[in-house]
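Welcome! Please take a look at the sequence and the model below, and keep the view open while you read this briefing.

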Amino acid sequence: MTADRPSALSPVRQIPAHELVVDQMRRALELGQFRPGDRLPTERELSEMLDVSRTTVRTAVAVLEREGLIAVRRGRGGGFTVQAPPVDAAAMRRELRRNKRDIRDAFDYRIIVETGATRLAAERRRAADLTDLRKLLAGMESALEAALKDQSAQRTTEFQTLDTAFHMGIAAAAQNDRLLDAVADARRRMWLPVGAIFGRLEPNANDYHESILEAIENRDPDLAGARMEAHINDTRCTVESWLKR
């Protein structure tokens, strides 16, 4: 390497095992796989599931407890309970107004990866995928109806959890693990900055889901992708209207 050419390499940092555990658990929480009030597996069960020592699990749990994501009750009958993280919605809204490019980038990312996954799902879906997605859609309809009557944080979270499961179910039906990871990452990157400003659900929260599923069922990738893009852009408009309030 010549002296005047900058190196394309940098020192490698060895990542402690507990940081990897924190990342996995935080991702599961952010994607709604565990909801506020849910009990997490025990320390021993997490150790076995993640193939790490109980000391590593204990260290990771301490990080998540400090972040306010889980509550730890020690002693007999104790355990780990998911908490709704403390959020200042007004402060978050102000921050997003100052960084509108973050919103644009997050939604652009979602459109690119989710429309691609939806197109593949229409080509590769199996009967079992359709059954699972139909069950989730029915649950979403019930959850939205309940949330519109009772605009509580719990009701909103219940719908959002099912919504995430529905979108991840479509990605799973594409039968591409890398694309599934990309959809999960895209949703995380949207909800991390955006989710906090949703104090309530709008009546259009469940729009497009039925038509997306119909296109997947009919094996029409062009229509399925177009409807997913329209759905994500509809969500983008909702977010932009919230930021104007």
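On the surface, Arg-94, Arg-97, Lys-100 and Lys-244 gather in a patch of positive charge. This is a predicted model, in which local features need pLDDT of at least 70, side-chain atom pairs count only at pLDDT 80 or more, and totals for chains, interfaces and linings use all residues. Residues are numbered from 1 along each chain as its sequence is written, and side-chain values use heavy atoms, with hydrogens and water left out.

**The positive patch**

- A patch is built from residues with over 30% relative accessible area and no salt bridge, with like charges joined within 9 Å and nonpolar side chains (Val, Leu, Ile, Met, Phe, Trp, Tyr) joined within 5 Å.
- Lys and Arg count as positive and Asp and Glu as negative, while His and the chain ends are not counted.
- Each charge is placed at NZ of Lys, CZ of Arg, CG of Asp or CD of Glu.
- Accessible areas come from the Shrake-Rupley method with a 1.4 Å probe, and for residues only the protein chains shown count as cover.
- Arg-94 is partly exposed, with a relative accessible area of 44%; here buried means under 20%, exposed means over 50%, and partly exposed is in between (1.4 Å probe, protein chains only).

**The overall fold**

- The chain has 10 helices and 2 strands, where helices (H or I, at least four residues) and strands (E, at least two) are DSSP runs numbered from the N terminus.
- Along the sequence, these elements follow the pattern α-α-α-β-β-α-α-α-α-α-α-α.
- Of the 245 residues in the chain, 39% are buried.

- In helix H2 (residues 43–50), the buried residues are Glu-43, Leu-46 and Ser-47.
- These residues are on the same side of H2 because they cover an arc of only 105° around the axis, the arc being that of the directions from the helix axis to the C-beta atoms.
- Glu-48 and Met-49 are exposed on the other side of H2.

**Salt bridges**

- A salt bridge is a side-chain nitrogen of Lys or Arg within 4 Å of a carboxyl oxygen of Asp or Glu, and by this rule the count comes to 21.
- Asp-181 forms a salt bridge with Arg-27, and their closest N and O atoms are 3.5 Å apart.
- That pair links distant parts of the chain, with Asp-181 in helix H8 (residues 177–194) and Arg-27 in helix H1, 154 residues apart.
- Both ends count as partly exposed: Asp-181 at 42% relative accessibility and Arg-27 at 27%.
- Glu-65 and Arg-74 also meet in a salt bridge (3.5 Å, N to O); Glu-65 is partly exposed at 28%, while Arg-74 is exposed at 61%.
- Another salt bridge joins Arg-236 to Asp-108, with the closest N and O atoms 3.3 Å apart.
- This pair too links distant parts of the chain, as Arg-236 is in helix H10 (residues 221–243) and Asp-108 is in helix H5 (residues 100–124), 128 residues apart.
- Arg-236 is buried at 14% relative accessibility, whereas Asp-108 is partly exposed at 31%.
- Salt bridges that share partners join Arg-101, Arg-104, Asp-105, Asp-108 and Arg-236 into one network.

- Asp-129, in helix H6 (residues 127–149), is buried with a relative accessible area of 11%.
- Asp-129 and Gly-169 are 40 residues apart in sequence and 7.3 Å apart in space, C-alpha to C-alpha.
- Asn-204 sits in the loop between H8 and helix H9 (209–217), and its C-alpha atom is separated by 9.5 Å from that of Leu-144, 60 residues away along the chain.

**Positive phi angles**

- Most residues other than glycine have a negative phi.
- Asp-51, in the loop between H2 and helix H3 (54–66), has a positive phi near 60° and is exposed at 70% relative accessibility.
- Tyr-208, in the loop between H8 and H9, has a positive phi of about 80° although it is not a glycine.
- Tyr-208 is partly exposed, with a relative accessible area of 33%.
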